[in-house]
Structure formats: C-alpha cells, structure tokens
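Please examine the sequence and the three-dimensional structure shown below. The paragraphs after them lead from the overall arrangement to individual contacts.

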Amino acid sequence: MLISSRIKELRINRGLSQEDLGKMIGVTKVSVCGYENATRVPSLESFELLADIFEVSTDYLLGRELLVVSDKSNKYMGAFSEQDVEIIKELKRHPNIYRIISEDPKRTISRINKKM
C-alpha cells in the first residue's frame, strides 16, 4: 500500500520518530507503526492531519500525485497528477515542440488556445 511507504518516507525526511508523529496526530507509536507497515489505516481525521503536518495533499499520500519540491528550500511546492506526467513525457518525445513551449510557456499556450 502506497500510503504506508509515503507516511514513513515523509516522517523520516522530517526527522520525526514514530512516537513524535503519533503525538502530533493524537495516536500511539504502535498506530503509526501500523500505518507504516500497512497493517492499520489512519482514520480520516488522522489522514487529514498527516497531510497538514507533512504539507502535502491527501492525493499525494494516496499515491495519486507526484511530489514537487523546490531545489533551493526543499519545500513542498505542489504535485503532478499521472496525467500531467504523461503530457510532459509525450511533449519530450517531440523535442522541437517541447523547446518552443519551454521558451515561453504562457505565450505559447495562449496562442494554442486561440487557435482552438
């Protein structure tokens, strides 16, 4: 289950122990361990708290998006859906189009939109 690995990864990246995280969301260390081992599922309330604490979307915790992090501050910036990733992959298969869009994305997308 992807939720379990994401919770563990985010907890470790934040330097939190299972006990620390448990206190933050009002559950025991055993519960956090269960979440990370996929033997327990967080309640909706705990799930929302986890997303808030880690500054990620619930979709990210569910594996529905890919985390986007700023290189300079290592701060969460947003997320890409699988569809977003597929669009980028397809664009990269066409280097000339990708280059044109990359040079001035706002202007290029606006021009495409006008032609539709």
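The following account begins with the chain as a whole and then turns to its core, its helix packing and selected residues.

This is a predicted model, in which local features need pLDDT of at least 70 and side-chain atom pairs count only at pLDDT 80 or more, while totals for chains, interfaces and linings use all residues. Residues are numbered from 1 along each chain as its sequence is written, and side-chain values use heavy atoms, with hydrogens and water left out.

The protein chain has eight helices and two strands; helices (H or I, at least four residues) and strands (E, at least two) are DSSP runs, numbered from the N terminus. Read from the N terminus, the elements follow the order α-α-α-α-α-β-β-α-α-α. Of the 116 residues, 27% count as buried, that is, under 20% relative accessible area, with exposed meaning over 50% and partly exposed in between (1.4 Å probe, protein chains only).

The largest nonpolar core comprises 16 residues, and those with the most contacts inside it are Ile7, Leu10, Leu21, Leu50, Phe54, Val56 and Leu61. Such a core is a set of buried Ala, Val, Leu, Ile, Met, Phe, Trp, Tyr and Cys residues joined through side-chain atoms within 4.5 Å. At least two residues of this core come from each of α1 (2–13), α2 (18–25), α3 (29–36), α4 (44–54) and α5 (58–62). The greatest contribution, five residues, is that of α4.

Within α3, the buried residues are Ser31, Val32, Gly34, Tyr35 and Glu36. Their cover includes α1, α2 and α4. Just after α3, Ala38 adopts a positive phi of about 60°.

How do α2 and α3 pack, and at what angle? Their angle is about 105°, and their axes are 8 Å apart; axes are lines fitted to C-alpha atoms, for helices over the stretch in contact, and angles run from 0 to 180 degrees between N-to-C directions. α2 is therefore roughly perpendicular to α3, a class that spans 65 to 115 degrees, with under 35 roughly parallel, over 145 roughly antiparallel and the rest oblique. Contact (heavy atoms within 4.5 Å) is made by Gln18, Glu19, Leu21, Gly22 and Ile25 of α2 and by Lys29, Val32, Cys33, Tyr35 and Glu36 of α3.

Thr108 lies in helix α8 (residues 105–115). Thr108 counts as buried because its relative accessibility is 13%. Apart from neighbours within four places in sequence, Thr108 is in contact with Ile100 and Ile101.
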